[in-house]
Amino acid sequence: STTPAKERLLTAPQLGLICAGVILLLASILLWESRTWFAGVEQTAVLRTAQITTTPGLDLFPAFSPDGGLIAYSSLRNGKFEIFARQLAPGGREIQVTSDGAQNLQPAWSPDGKLIAYHSRNRRGVWTIPAFGGVAQQLTEFGAGPAWSPDGEWIAFQSDAQADLGQAAFGAMPQSTIWIVPARGGAPRQITKAGAPPGGHGAVVWSPDGRRIVFV
């Protein structure tokens, strides 16, 4: 004799139990795989923190030198933002890199550590200067937020300067776009167009191979 069709079909509760079992099995497999993956990830812990500057003024835009031995930053200690570089070794000294009172911000080290690019708020544009002080060279008459290419041949920047230095302020307002300029000097070249994507373009970062630019 044959079993009636209605007796061979699974009931809704039975189907629910089977589905729940399959989901539980898949979840268990994924959990085990994720534990195996995380076990191979190097865990990072903060061993200690150290205060680098102690000036009564506002210190902003810290940037490590390529060898990690110094930090360049902008300091408002004398009423005008200037670029300073501080050695991180015990007993290390501090060097004032700029001294023109031109509200100098956003220091960025060249890959070889010999130059610092920065934005001058009063004199406008992007400038470079020897890392331990010297004669500054103006690369552009507009722009801010310089970022060196990995080979040191180009500097990318955003066309409009940051209007607000507050922590919660967005780094680029419309119609800011991304440009590049030869690090040795030359005509700047526009990389992005206003509105593509919408919003201000800023906070430039180069890919390690120097073929792409990431921005906010």
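## Close-up views of a predicted model

**View 1. Ser 65 and its surroundings.** The side chain of Ser 65 comes to 3.2 Å from the backbone nitrogen of Gly 69. This is a predicted model. Ser 65 sits in the loop between strand 1 (59-64) and strand 2 (70-75). Its relative accessible area is 5%, so Ser 65 is buried. Leaving out residues up to four places away in sequence, Ser 65 touches Leu 70 and Trp 109. Both Leu 70 and Trp 109 belong to the largest nonpolar core.

**View 2. The largest nonpolar core.** This core has 12 residues. Among them are Ala 63, Leu 70, Ile 83, Val 97, Trp 109, Ile 116, Tyr 118 and Trp 127. Strand 2, strand 3 (82-87), strand 6 (115-120) and strand 7 (126-130) each give two or more residues to the core. A second, separate core has 10 residues, including Ala 117, Val 126, Trp 148 and Val 181. In soluble globular proteins, nonpolar side chains tend to be buried together.

**View 3. Ile 116 within the core.** Ile 116 is one of the residues of the largest nonpolar core. Its contacts, not counting residues up to four places away in sequence, include Ala 72, Val 97, Trp 109, Trp 127, Ile 129 and Ala 131. Ile 116 also touches Pro 107, Ala 108 and Thr 128.

View 4. Strand 6 and strand 7 run antiparallel and are joined by 5 bridges. Leu 115 has Pro 130 of strand 7 as its bridge partner.

View 5. Strand 9 and strand 10 run antiparallel, joined by 3 bridges. Trp 148 has Ile 155 of strand 10 as its bridge partner. The hairpin of strand 9 and strand 10 has 5 residues between the strands. In this hairpin, Gly 152 takes a positive phi near 75°. Strand 10 also pairs with strand 11, in the antiparallel sense, over 5 bridges. On that side, Ile 155 has Val 181 of strand 11 as its bridge partner. Strand 10 is mostly covered, with 4 of its 5 residues buried. Trp 148 and Val 181 are both included in the second core.

View 6. Thr 177 lies in the loop between strand 10 (154-158) and strand 11 (178-182). Thr 177 counts as buried because its relative accessibility is 5%. Its side chain makes a polar contact of 2.9 Å with the side chain of Trp 179. Not counting residues up to four places away in sequence, Thr 177 touches Phe 157, Gln 158 and Ser 159, among others. Its contacts also include Gln 190, Thr 192, Lys 193, Ala 194 and His 201. Leu 76 is 101 residues from Thr 177 in sequence, and the two C-alpha atoms are 28 Å apart in space.

**View 7. The salt bridge of Arg 77 and Glu 94.** The structure holds 4 salt bridges. In one of them, the closest N and O atoms of Arg 77 and Glu 94 are 2.7 Å apart. Arg 77 lies in the loop between strand 2 and strand 3, and Glu 94 in strand 4 (residues 94-96), so the pair ties together parts that are 17 residues apart in sequence. Arg 77 is partly exposed, at 22% relative accessible area. Glu 94 is partly exposed too, at 26% relative accessibility.

**View 8. The salt bridge of Asp 100 and Arg 123.** These two side chains meet at 2.6 Å, N to O. Asp 100 is in the loop between strand 4 and strand 5, and Arg 123 in the loop between strand 6 and strand 7. The pair links parts of the chain 23 residues apart. Asp 100 is partly exposed at 35%, and Arg 123 is partly exposed at 40%.

**View 9. The salt bridge of Arg 184 and Glu 153.** The closest N and O atoms of this pair are 2.7 Å apart. Arg 184 is in the loop between strand 11 and strand 12 (189-190). Glu 153 is in the loop between strand 9 (144-148) and strand 10, 31 residues away. Arg 184 is exposed, at 67% relative accessibility, whereas Glu 153 is partly exposed, at 32%. Elsewhere, salt bridges that share partners join Arg 77, Arg 86 and Glu 94 into one network.

Technical notes:
Residues are numbered from 1 along each chain as its sequence is written. This is a predicted model: local features need pLDDT of at least 70, side-chain atom pairs count only at pLDDT 80 or more; totals for chains, interfaces and linings use all residues. Side-chain values use heavy atoms; hydrogens and water are left out. Buried means under 20% relative accessible area, exposed over 50%, partly exposed in between (1.4 Å probe, protein chains only). A polar contact is a pair of N or O atoms within 3.5 Å; within protein, one must be able to donate a hydrogen and the other to accept it, and residues adjacent in sequence count only if both atoms are side-chain atoms. Contact means heavy atoms within 4.5 Å. A nonpolar core is a set of buried Ala, Val, Leu, Ile, Met, Phe, Trp, Tyr and Cys residues joined through side-chain atoms within 4.5 Å. Two strands pair if DSSP finds at least two bridges between them.
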